[in-house]
Number of protein chains: 2
Amino acid sequence: MKRNERLVDFTNFLINHPNQMLNLNELSKHYEVAKSSISEDLVFIKRVFENQGVGLVETFPGSLGGVRFTPYITDERSLEMSQEIAELLREENRILPGGYIYLSDILGTPSNLRKIGQIIAHEYHEKQVDVVMTIATKGIPIAQSVAEILDVPFVIVRRDPKVTEGATLNVNYMSGSSSRVENMTLSKRSLSIGQNVLIVDDFMKGAGTINGMRSLVHEFDCLLAGVAVFLEGPFKGERLIDDYKSILKVDRIDIANRSIDVQLGNIFNDK
Amino acid sequence: MKRNERLVDFTNFLINHPNQMLNLNELSKHYEVAKSSISEDLVFIKRVFENQGVGLVETFPGSLGGVRFTPYITDERSLEMSQEIAELLREENRILPGGYIYLSDILGTPSNLRKIGQIIAHEYHEKQVDVVMTIATKGIPIAQSVAEILDVPFVIVRRDPKVTEGATLNVNYMSGSSSRVENMTLSKRSLSIGQNVLIVDDFMKGAGTINGMRSLVHEFDCLLAGVAVFLEGPFKGERLIDDYKSILKVDRIDIANRSIDVQLGNIFNDK
């Protein structure tokens, strides 16, 4: 393979093996060129990936020397993508009876989900996250997108146990907005003791559901790596949790004029 | 940007813009080089992508000339990935009380989902698919993975209507295995008349659920592009549908010996 072709192949290979340590000796054997040629290729790839905000390319010296590609976006790109999604939320016709917001089209479009996944993963790329947790149904595509970028598994909490889950661990929780006691359940084998769990969800009001997931994390003897939601809704009173990150925030839903006041979430507060 | 760097950047750009017609004039302007240089780059990229089974790179001549990257895997790669997942299914401890199979870990791991998505999308890459449909909960990650590769939206059918879905269209269906009448529902605005719908699900026995989704497709005045399932289970009697594709098939679950007889599904019958 000529250098030009190798660069194309190598670029594709790195993109498809994120967050993994790749051995330089094996790459050199695979491409049938000296390790120094591989290192030279990496100089080009590193420069482009870092200039274009594709991700970090780190090389590690030594006989077991390796390279690791970590997908990474800039703060600017994160902001830009959030604004693109905010525009979608501002479209007419999203307000449903009762003041609910229709999100299913946004959360059913792969390009939007990729953006949401990148924005959330970006906030945790310096933290240890072993697994992403969400609750059925609408949190699932978000959890999957975040997990894909962090390259970790995701687990799905349910409101009712299923025969296909085996033994489950159940907790009760107070719904933050309606003050009812509810139940949530997670397959016992889906988490191991000591794992760092990132909780994600599509929408948060009183944070009752997220608080329930937080107690599940504790019951599993796991650690909470963080809480991130796509959209934070208007809520009067005190939320059950205060340490969370949100991509977007809706302050007011004007049902009469069919308009939603969409703002950037607290992720962008200190940026 | 030097050629070497441009090749890296261009490769990354194509991978991140699948199934889209990209204008050669705009690319030439973006990279500040002659259109002929872009065309030369594409020769390298095309050769590597096609040799390595990454995807098709098609160039279209003319003043509006463009290039389109279509992710594509070979039949061999599809078979190889199916066998890798079959091995996971054969692991001990998957059999739950009642002869159910624990799948949540497999369907919660991004690398497996990417494979499942690629295998299913590969079967439909010559067909027109406008939208992927599934039913909550476990079908969702599969639908998202397939939709991601086909670059189309996905919609989620539910067993109970939610206030966040707006007006819904509901159908009743017979569960194939238990012969009960059940209900399923889909937000009315999630499909448009005449769309080609690909139905996917994680598991199929009597095909009652899939038959229900098929009647939803008809009630929406849409067309059925196909039916694909990850796993086909053992079923005695006649299935409610016979035109479907499966990646893997379980013929027998030996509860006493805790072993599952996992075979390749009908996708590989004629390959």
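## A nonpolar patch on chain A

In this predicted model, Met174(A), Val181(A) and Leu240(A) together make a nonpolar surface patch of about 280 Å². One of these residues, Leu240(A), is placed in the loop that runs between strand 11 (223-232) and strand 12 (245-254) of chain A. The relative accessible area of Leu240(A) is 38%. Because buried means under 20% and exposed means over 50%, Leu240(A) is classed as partly exposed.

## The interface between chain A and chain B

The size of an interface is often expressed as the accessible area that is lost when the parts come together. Between chain A and chain B the buried area is about 4,600 Å², and carbon and sulfur atoms give 57% of this area. Three residues, Val8(A), Tyr102(A) and Arg189(A), supply 13% of the area that chain A buries against chain B, which is more than any other three residues. In terms of contacts, 51 residues of chain A meet 51 residues of chain B.

Polar interactions also cross this interface. There are 18 residue pairs in polar contact between chain A and chain B, with both residues at pLDDT 80 or more. The count of salt bridges between the two chains is 6. In one salt bridge, the side chain of Arg114(A) meets that of Glu148(B), at 2.5 Å from N to O. Several elements of chain A each supply at least two residues of the side that touches chain B, among them helix 3 (35-51), helix 5 (110-123), helix 6 (140-150) and strand 7 (154-157). Helix 1 of chain A gives the largest share of that side, with 9 residues.

## Lys115(A) and its surroundings

Helix 5 of chain A contains Lys115(A). Apart from neighbours within four places in sequence, Lys115(A) is in contact with Met81(A), Glu84(A) and Ile85(A). With Glu84(A), the side chain of Lys115(A) makes a polar contact to the side chain at 2.6 Å.

## Salt bridges over all chains

Side chains of opposite charge can pair when their charged atoms come close. Over all chains, a search of the whole structure finds 36 salt bridges. In chain A, a network of salt bridges links Arg3(A), Arg6(A), Glu40(A) and Asp41(A).

In chain B, the side chains of Arg3(B) and Asp41(B) form a salt bridge with an N to O distance of 2.7 Å. Arg3(B) belongs to helix 1 (residues 3-15) of chain B and Asp41(B) to helix 3 (residues 35-51), so this pair ties together parts that are 38 residues apart in sequence. Arg3(B) is partly exposed, at 26% relative accessibility, whereas Asp41(B) is buried, at 0%.

## Two further pairs in chain B

The side chains of Glu87(B) and Arg90(B) meet in a salt bridge, at 2.7 Å from N to O. Glu87(B) has a relative accessible area of 47% and is partly exposed. Arg90(B), at 39% relative accessibility, also counts as partly exposed.

Another salt bridge joins Glu91(B) to Arg94(B), whose closest N and O atoms are 3.0 Å apart. Glu91(B) is partly exposed at 37% relative accessibility. Arg94(B), by contrast, has a relative accessibility of 4% and therefore counts as buried.

Terms used
Residues are numbered from 1 along each chain as its sequence is written. Chains are lettered from A and ligands numbered from 1 in the order in which they are written. This is a predicted model: local features need pLDDT of at least 70, side-chain atom pairs count only at pLDDT 80 or more; totals for chains, interfaces and linings use all residues. Side-chain values use heavy atoms; hydrogens and water are left out. Patches are made of residues with over 30% relative accessible area and no salt bridge: like charges are joined within 9 Å, nonpolar side chains (Val, Leu, Ile, Met, Phe, Trp, Tyr) within 5 Å. Accessible areas come from the Shrake-Rupley method with a 1.4 Å probe; for residues, only the protein chains shown count as cover. A salt bridge is a side-chain nitrogen of Lys or Arg within 4 Å of a carboxyl oxygen of Asp or Glu. Helices (H or I, at least four residues) and strands (E, at least two) are DSSP runs, numbered from the N terminus. Buried means under 20% relative accessible area, exposed over 50%, partly exposed in between (1.4 Å probe, protein chains only). Contact means heavy atoms within 4.5 Å. Buried area is the accessible area (1.4 Å probe) that two parts lose on being put together, summed over both. A polar contact is a pair of N or O atoms within 3.5 Å; within protein, one must be able to donate a hydrogen and the other to accept it, and residues adjacent in sequence count only if both atoms are side-chain atoms.
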